[in-house]
Amino acid sequence: MTFLTMPRHGWQLVAFIMGVLVVGAMALWFLTMVPARHRKNLVAVITFIGGLYYSLEFLIPPAAWHLHPTRNPLTDMRPLVGQIVQIIWSFALFLGIWNLFQLHGRAVGKRGPGWYNSAAFFVAFFGILISGLMKNANNHAADSMFTILFTGFLTSLDATMFSLIAFYIVSAAFRAFRIRSTESVLMMAAAAIIMLALVPVGVVLTNWLPDTGFLSIFRLEKIGYWLLIWPNMAVQRAIAFGVAVGALAMGLRIWLNLERGSYFDRQL
């Protein structure tokens, strides 16, 4: 077990990566050779075994294994299982890149509308890939090119995209703040108080109230702070708890092969 998880360098790392690629390619080839009517069942069985390992390793206490010293033997396998999961993620990333190459390659080949956007994908992909690989070889020109592509282009494009999203958020807020019910009134009032509490003009509006004593609780900055710390935090925790319960239910459905839908009902 330690042989598979121990750190490697130099030619051993290269040999290990090549071995993993060969084993992964053989596993994918084997999966394609399985008859279509059994392929989905095979994937469901492997998914169940993976989920079962993590469930047993996490839920069963070490004292229940009756070993000396008391320990969970599955815990020793966790680094190996973690590496296997990372390898599977790497293959999933490779398949995603392959699909992008097929999609944009067809667009460039057909010269359809907007084909230059697909060509820009290939230029950006190989530009970042080559400069990133050469950057690790202490190449100064490649380092400068990587900085230009990453900081000059990618970071700026990210900022541009999120600045455009801000206008959509304002539009959504305008529609949400229309006073049509009691809930919308409460939402608008809370939003107005918090916005005023976060800008200097809001503080000036209630600056005539004392800083201490009973009347100080009516200062806008204190009302906004109370809204953020108490009601807002309680709602955020409630939403996070609901998301966690939903993720648990979704995980159980996938683990037990109960999920149905457009993707899960497809023939693999």
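This is a predicted model: local features need pLDDT of at least 70, side-chain atom pairs count only at pLDDT 80 or more; totals for chains, interfaces and linings use all residues.
Residues are numbered from 1 along each chain as its sequence is written.

Helix α7 covers residues 182–197. Helices here are DSSP runs (H or I, at least four residues), numbered from the N terminus. Helix α7 has 16 residues and spans 22 Å from its first C-alpha to its last. That is close to the expected 22 Å at 1.5 Å a residue. The expected span is 1.5 Å times one less than the number of residues.

The buried residues of α7 are S184, A191 and A197. Seen down the axis of α7, these buried residues fall within an arc of 165 degrees, so they line one face of the helix. The arc is that of the directions from the helix axis to the C-beta atoms. Buried means under 20% relative accessible area, exposed means over 50%, and partly exposed lies in between (1.4 Å probe, protein chains only). On the other side of α7, T182 and L186 are exposed. The cover over the buried residues of α7 includes α6 (140–176), α8 (200–205) and α9 (220–229).

A197 lies in helix α7. With 14% relative accessibility, A197 counts as buried. Leaving aside residues up to four places away in sequence, A197 touches V203, L220, E221 and G224. Contact means heavy atoms within 4.5 Å. The C-alpha atoms of A197 and Y116 are separated by 48 Å. These two residues are 81 residues apart along the chain.

A nonpolar patch lies on the surface. Its members are L196, L198, V199, V201, L205, Y225, W226, L228, I229 and W230. Together they have about 1,000 Å² of accessible area. Such patches are made of residues with over 30% relative accessible area and no salt bridge, with nonpolar side chains (Val, Leu, Ile, Met, Phe, Trp, Tyr) joined within 5 Å and like charges within 9 Å. Accessible areas come from the Shrake-Rupley method with a 1.4 Å probe; for residues, only the protein chains shown count as cover. Helices α8 and α9 each supply at least two residues of the patch. The largest share, 4 residues, comes from α9. V201 lies in helix α8.

The structure holds 3 salt bridges. A salt bridge is a side-chain nitrogen of Lys or Arg within 4 Å of a carboxyl oxygen of Asp or Glu. One of them joins E57 and R78, whose closest N and O atoms are 3.4 Å apart. E57 lies in helix α3 (residues 36–59) and R78 in helix α4 (residues 78–110), so the pair ties together parts that are 21 residues apart in sequence. E57 is buried, at 10% relative accessibility. R78 is partly exposed, at 42%.

R219 takes part in a salt bridge with D211 (3.1 Å, N to O). R219 also meets E221 in a salt bridge (2.6 Å, N to O). Salt bridges that share partners join D211, R219 and E221 into one network. R219 is buried, with a relative accessible area of 4%. E221 is partly exposed, at 23%. D211 is exposed, at 55%.

Terms used: Side-chain values use heavy atoms; hydrogens and water are left out.
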